[in-house]
Amino acid sequence: MRFAVSMMQRLVKGPASRRLARSRLAALAAFAALGIAGVAAPVQAQTLASLPTEAGARVQGDAKPIVAWVTFCQSYAAECAVDRSEPARISLTPATWATIVSVNRRVNKAVEPMTDQDHLHVADRWDLAEDGIGDCEDFQLLKRHLLAEAGLPRRAMRMTVVIDEKGEGHAVLTLVTDRGDLVLDNKTNAILPWHKTGYVYIKRESQDAVAWVSLGGVTSPVTTANR
């Protein structure tokens, strides 16, 4: 994946680079194409047939968004927009599942994990890991961008804040599907039902507005600062 990483590193040059230009979108789409083209059924340790059909996480009202997400949306408005004409759930087919597995694994491999404090000298900043370096939310935002480019409904892919096994704030990507809520995580290539990750679920992006909703967790982290 050195090619993919070096390609993303060339995307960031100077202050104006924070916004997605057309060339940057093309480069990210090319990265997605590389990932999807490399899928082969024998490589997939997880199969679509092995996934249970289960209920999704229950939304329990409104929640305050992460501050860094608000700033992210000011620069990347299209990444936060909610199109209510899109499906609210992903219909999992063998082809869709192969795309999800491929993008999840390849982003996990391509992006170098580093906290925002070590990388950018700030507590928390959300972006698309354009320089090939990022922490938890950057992995998931890039995955969502590439999956949306591949045709999956963005509305059904929600950034989610959890408390992890260390008791720290962490960001994952929830895929709302017809088999239940599945979680993409940079800590593992396994795609798990939400309640089998061991995390405490705090809140996630709304499917109906540019806002956040509560998932019932008691403690809400101020930042998502994990690698």
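**Group meeting: a sheet, its hairpins and the core**

Hi everyone, let's start in the sheet: S5 and S6 run antiparallel and are joined by five bridges. Before going on, a word on the source: this is a predicted model, where local features need pLDDT of at least 70, side-chain atom pairs count only at pLDDT 80 or more, and totals for chains, interfaces and linings use all residues. Residues are numbered from 1 along each chain as its sequence is written, and side-chain values use heavy atoms, with hydrogens and water left out.

Some terms for the sheet, then. Helices (H or I, at least four residues) and strands (E, at least two) are DSSP runs, numbered from the N terminus. Two strands pair if DSSP finds at least two bridges between them. With those rules, the protein has seven helices and nine strands.

Back to our two strands. S5 and S6 make a hairpin, with two residues between them. Leucine 175 has leucine 182 of S6 standing opposite. On to the next neighbour: S6 and strand S7 (residues 188-193) also run antiparallel, joined by three bridges. Here too there is a hairpin, joining S6 to S7 through two residues. And leucine 182 turns up again, with proline 193 as its bridge partner in S7.

So where do these strands sit in the whole sheet? The sheet is open, has seven strands and antiparallel pairing, and its order is S1-S9-S8-S4-S5-S6-S7. Its edge strands are strand S1 (62-63) and S7, each of which pairs on one side only. Elsewhere in the order, strand S8 (residues 200-205) and strand S9 (residues 212-214) pair in the antiparallel sense over three bridges. In that pair, lysine 203 stands opposite serine 214 in S9.

Is S6 mostly covered or uncovered? Mostly covered: six of its six residues are buried. Buried means under 20% relative accessible area, exposed means over 50%, and partly exposed lies in between, using a 1.4 Å probe and protein chains only. For the protein, buried residues make up 51% of the 227 residues.

H5 lies across S5, S6 and S7, and runs at about 140° to S7. For that angle, axes are lines fitted to C-alpha atoms, for helices over the stretch in contact, and angles run from 0 to 180 degrees between N-to-C directions.

That brings me to the core. A nonpolar core is a set of buried Ala, Val, Leu, Ile, Met, Phe, Trp, Tyr and Cys residues joined through side-chain atoms within 4.5 Å. In soluble globular proteins, nonpolar side chains tend to be buried together. The largest nonpolar core here has 41 residues, and Ile100, Trp126, Met157 and Leu175 touch the most other members. Elements giving two or more residues to this core include helix H3 (67-75), helix H5 (94-110), helix H7 (136-149) and strand S4 (157-163). H7 gives the most, with seven residues.

Which residues does isoleucine 100 touch? Leaving out residues up to four places away in sequence, they are Leu92, Leu147, Leu152, Leu175, Leu184 and Ile191. Contact means heavy atoms within 4.5 Å. Across the protein, of the contacts between residues at least 6 apart in sequence, 67% join residues at least 24 apart.

Next, the rings. Rings of Phe, Tyr and Trp (its six-membered ring) pair if their centres lie within 6.5 Å; planes under 30 degrees apart count as stacked, over 60 as edge-to-face and the rest as tilted. By this rule there are four aromatic pairs. One of them is tryptophan 126 with tryptophan 212, edge-to-face, at 6.4 Å centre to centre and 70° between the planes. This pair links distant parts of the chain, 86 residues apart: tryptophan 126 is in the loop between helix H6 (116-120) and strand S3 (133-134), and tryptophan 212 is in strand S9. Tryptophan 126 is buried at a relative accessible area of 2%, and tryptophan 212 is buried at 1%. Ring pairs also link Trp69, Trp126 and Trp212 into a cluster.

Last stop, the sulfurs. A disulfide is a pair of cysteine sulfur atoms within 2.5 Å, and the count comes to one. Cysteine 73 and cysteine 80 form the disulfide, with their sulfur atoms 2.0 Å apart. Their link is left-handed, with -85° about the S-S bond, and both cysteine 73 and cysteine 80 are buried.

Thanks, everyone!
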